[in-house]
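Q: I'm new to this one and would like to go through it step by step. Could you put it up for us?
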Amino acid sequence: MTLLEISDLKTHFPTQSGIVRAVDTIDLSIRERETFGLIGETGCGKTVLGLTLMRLLHPTTTVEGTIRYRGKNLLTISEAEMRLIRGEEIAMILQNPTTSLNPVMRVGEQIAEAIRLHQGLRRRAAKEKAVEMLDSVRIPAASRRANEYPHEFSGGMKQRAMIAMGLACDPALIIADEPTKGLDVTIKAQITELIKETAKEKAMLLITHDLGVARALCDRIALMYAGELVEYAATEEIFENPLHPYTRGFLGSLPGNGLVPIPGMSPSLIDLPDGCRFHPRCSHAKAVCRKKHPELIEVEAGHFVRCFDA
Amino acid sequence: MHQINKLVYYFAILLIILSINFFLPRVMPGDPLSYLSDPGADMPARMTEEKRELLLEYYGLDKPISEQYISYMVGIIHGDLGWSIYYGAPVLEVILGRLKWTLLLVGTSTAIHVPLGILLGATSAWARGKKKDTGLLISILSISSFPSFFLGILLVIFFGIKLDLFPINGAQTAFATYSSPFGKIFDILHHLVLPATTLVISHIGGTYLLMRNSMLGVLGEDYIMTARAKGLSEQYILHRHALMNALLPIVTMTAMTVGFLIMGTIFVETVFAYPGIGNLLYNAVLYRDYPLLQGIFLFMTIAIVGANFIADTIYVRLDPRVKNE
Amino acid sequence: MKKTVLILAVLLCSVAFSASVLAENDRVAATSDKTVRMAGGTPGGSDWGYPSPFTFYPRGPGYARMSLLFDTLTWKDANGVIPALADGWKVSDDGKDWTFYLDRNARWHDGTSFTADDVKFTFEYMKDHKGGFKWFDATSYIDSVDVVDAHTVVIHLSDPVASFLVDIAGNVPMLPEHIWKDVSDPLTFKDDDAVIGTGPMKLVDYDSATGVYQYEANHDYYDGKLLVDKFISREVSDTASALQTGDVDEVSFWGSEITAVQTFESDPDFEIKAGPSFWVLQTIFNCEKYPNNDREFRQAIAYGIDRDKIVSQVLHDGGEPANTGIMHPDSIWYNPDCTAYEYDTDTADEILDSLGFVDTDGNGIRNYPDGAERSGDITFDLYTTGKYNREAELIQADLATIGIKINVKTSDWGTIDGYLRSANFDMVISGHGGIANPQIMRIPDWPASTYQNSEYDSTYAAQEVEMDLDTRKELVNQLQEMVADDLPVYTLYHPYMWCVYDPKVLDTWFYTRDGVSIGIPLELNKLVFLARYGDANENGKINMQDVTKIERMILELDDETDMADANQNGKINMQDVTHVELTILGRAPIRTR
Amino acid sequence: MIEGRKILGSVGLGILAVFVIVAVLAPYIAPYNPHQMSRPMEHPSSRHLLGTNDIGNDILSEIIYGTRVSLFIAFVVSAISMLVGTSLGLIAGYFDKLGFVIMRVVDIFLTIPRLPLIIVIAASMRPSIWNLIAIFLIFGWTMTARIIRSEVLTLRSRYYIDATKMIGGSDCYILWRHILPNVIPLVVVQFIMEAIHVIFTEAGLSFLGLGDPVARSWGMVLHYAFECPIIYVSDVWMWWMLPPGLCIVLTVLGLTFVGYALEETLDPKLKSPAYGRGL
């Protein structure tokens, strides 16, 4: 059953140098208890997509299209209604736990405040719940740790705390933005394991540029490039049968695949190339790629690609 | 170790300033007895050389400078600031007599301008880019461009003279008898309104701008986004998450400007005939009243060092990160 | 947000408003006593020290505030010396022994009687604590004091002092022996007892920080009935507006402040009295330093300064060009015949040319002659405190037209005093008060300390001991002429003074003859608070029918009065008395002619 | 707001430009020599647009010439403070041992009660313009040095400077080519801050009567106006007090606007259109 359905979503924001088309016409849906991976290079707009779903962007940003969550269009409900959804229905674990935790507030308190808000628990009960949550993400001596400040936590522990915070109100959907970024290999493995466990019961939108993590965790994977999806399919399908040159390039840049980088830079979201947005970097680019913008087509059941070659 | 270093540092600063403050007035031409022979005053107070020497001896000014320095330092250690030559009273007494008014004035205005500046700065940052922000920003930048004495004069003219709403002379009605115990308090408050308003207006810009910038910085921080993602209300985020973090630089700045706050009142004192430490200093310079001059400097330095110390302490309480460093 | 600001503003206003209402009520409540409030000065300048004889700041206003509490043997009113603690006095022929008959009713504020012992104690105490009475060194003249009886005392001087009645008897405050005998350091004695005197006022409160004095009337005063119950001297930020808004009842102005006086001229609520300031602004020359060591050079400068212009531009005619011999025109010592250097650039140019100061390089500024101590353009510094910047600017412009370049340097008095003391200056502009008393011409106390003239010094010494008034006047005239000719200082102007007051509160303000005490040009004479003796209808004149008893009449007998004694029975024949002049205020001496 | 910043900046520049022009062209604009005397205390008329002061100087001319004095002091002090402060800040940030010494000196200067000391010195020297400038310079450089130093420390930690060092760039070369250009914007902001501070303090000292009586700044004009005994009881304040006061206000406002616009442009944190930093 579909939990979240995004259709025709555009997120643009104005800047001095022009309009940034960070999310440009995206359609996708996430099913209950599904883990959906959103993959792309830095600056492709994947974090903006996450923030758009949470409606956390600056008011000057223009968002078009629909985001349907359990039948409600998140883009049209009031801010008050939206607040009830945030944290309780959809939780977002922001990237970079070091800066995403308030440095002058005890960790336990930061987890408890959402609990107090959404579950109406009193201070003490919320605190106990927060300790419980910290314990559940395997932070040792949780009740003591809950009284500590973020700077007293190690990088891995901060990430755990972030996850605990996201899980605190038992949301239906978790948006996890780069949860493994900047962690060393052993910690990364532990965190991946932790996410895998928690994701069993919940739907998750995992935003990452780490294909390894995505493969380990996700049911389906979408690749995003310059504000739009270029390919999406079930995880194994993507890895076995990548159709888009970008996907192939991305897979090729994996350590196991020889570390071949994609040549060139991703385009500026203000000044997008005509035709296929990937064509300047594409070794297979043809005349049509320069002129016409390809549509996302379903080449096989559940496997969508945006390429003339597919 | 850090604390000891800090103490040694404060001590060294104190020593240096005390020394500057001992030698500076003594290298200026003229001496404390000059005022006794100022014929520019409306009366000749004639003094013979013989009497001059008697007085120099009385005040210990005939001793070699090294001896004076030592007795000055010893005096300070014993808490004895000496005897004001011009005012003919213990320096401490003279300073304390003025200090209460300065503290009332500076205290009141600080108690208003800091919270108000914080409030407006936070509001402005929160409404960044909106009309409210622009309006606040431009109006506060504008009123901050008024020198305090000029502002004071304008307030005197409009509220003191034209509208006759507030008294413009002094800190209280001279020896009035009051019908109720609150009469005196109200009288003092009534006299306080214009000078304090002047100070509030001329100082609010600094706090406001710092708070706005600090708040803008904080609002761009990821943890604010985290808080939003939790579904917390904007008000709650502002109070619980943003404010605390944004306040940190305010604490430091307020402490660093304590010296300026206290001394900056000299202009307001001049305009409103408000008794205070600023005018006292000015007179102490004019009359070459070494002990008094030294006393005021000592007090100012202690106030500044003390304020920094308090700020450090508050900072540690507000920012848990500092404690463990 | 806007709401919060609004609420705050309203809060401020309401506090202020209720405070003003309350304060208003309080002020009304306070007026059941008759209170007089005067502006004691502007910020930082209204505190004149704790008004004990040893702790007031040695300035005119400080003395005046002390003198409300402490009486002297004699005092002065608008016309001259009158009795105070002494009812009468006589002086020996050699001018060395002064006998004073003391008022039998005088009491200290604590009720103790004032006696001859107190007089003796006072002079001895001052001798023992030299330098303590910073105001005036009275003791160096006094040899000894003898108590004849409880109310008669004789003061023996080592040398005659011509101005004894004013400078010492009318200046030294009498101390209560029973209080001060135990005080070892008078400079630090500030108990309530330190302000117990015999004066018409008692000190209620004093605050150094706010510069406020509050006195209450001593209704048991021996020398007249008090017109007021309370007197307050306080600091104001602006005197004219303070008077207008009713914060004070009396303010005083001088010199260029004539503009403020004029705003009150047409106002029926206020009255104005004018008086002399006994003050002069002068340029002091360094008579030891080239080129000002040349008398003719100084004269050239004098001719080159347009004093009338300074009076009109800077003072707005709130003063007059000064007597070049220093003594004030309203004082009895004034010599009208001193050389007046009428502004005349031609004369100035001539003198400078003849001295060899010629503009050789054609830059408009004269040059020092070849081989002189200085070379190049004639240029030197003119020091002044900030107060006289305006005058300095005009002098700078005037002297530029006769080819002398002046650099105006301002500094505080401490610095300038240092330069004067070390004779390290060219020219200084500075004021000098008390020019109704020849004593100010004493060198080196006077700022013209670089002036060296033995004839001057001996003339000064001679007049100090000359008991004959006319001879003394002649000597003082000579001193003035020497100053006017030699120009150790060149006087610029004498400002006028005014007091503007609300006559409904108190209308007895007046200016004292030759200034209060030794020449303080203030309207704050304690006599303004006293009902005129026998003045039942309080019209300022004595009602003869009220005079029931004259305790002692003092006549200044001289040869002419003897002539009124037609039947030569040693008593004056009343029919010969053509004119009786009653001096107002207090128990005035009755002068006959 | 992006537009607002530009507008504010241009308004500020415009105001400053007007004052600079007035200062430069003072002799041509001013109707009279400011020391020339006519009747004192005249009310405004066609002959004297702002009346005359207590000794008959044309107030308008006084203010026009005062622009020169006020701006000159502010400019010289800020320029020298900026030079000295920036140099010391660069050195202190780049060389650790020297930096330690310099920063201790700066700390002491920042702890010394600044305004009281300025008053003490100014009162005993009763300064001319040059004395005033010297007094302001004693303290002017400290804040700049401190701010520049911390910026240099940040810059230094960036990789490219290490890289330059590895390929053999000398310290001077690095300071000059890599660090200095990066701190210049900050220096400009500091310059403006110092100028504002100097204008305020100079006006204040002059108001207290501690300014140069001959070269009259705006503060000095205000001082004489405040000394005038009828300033509160007549309308004199309208033409004698208000215009010089407003000149100070406008100049400071101009500087503030320009400084603010610069600061906003410089600080990337303040520029970001979205809440998030990663965008």
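Q: How much of chain C counts as buried?
A: In this predicted model, 52% of the 593 residues of chain C count as buried, where buried asks for 20 or more other C-beta atoms, placed from the backbone, within 10 Å of a residue's own. Local features need pLDDT of at least 70 and side-chain atom pairs count only at pLDDT 80 or more, while totals for chains, interfaces and linings use all residues. Residues are numbered from 1 along each chain as its sequence is written, and chains are lettered from A and ligands numbered from 1 in the order in which they are written.

Q: And how many helices and strands are in chain C?
A: Chain C has 15 helices and 20 strands, both being DSSP runs numbered from the N terminus (H or I of at least four residues for helices, E of at least two for strands).

Q: Switching to chain A, what are its domains?
A: The assignment, which is an automatic or database one, gives domain 1 (2–83 + 173–267) and domain 2 (99–170) in chain A.

Q: How many residues of each are in contact?
A: Ten residues of domain 1 of chain A are in contact with nine of domain 2 of chain A, contact being C-beta atoms, placed from the backbone, within 7 Å.

Q: Which helix gives the most on the domain 1 side?
A: That is helix H8 (residues 185–199) of chain A, which gives six residues to the side of domain 1 that touches domain 2.

Q: What does Ile111(A) touch?
A: Leaving aside neighbours within four places in sequence, Ile111(A) is in contact with residues including Ala130(A), Met133(A) and Leu134(A).

Methods:
Contact = placed C-beta atoms within 7 Å. Buried ≥ 20, exposed ≤ 12 C-beta atoms within 10 Å, placed from the backbone.
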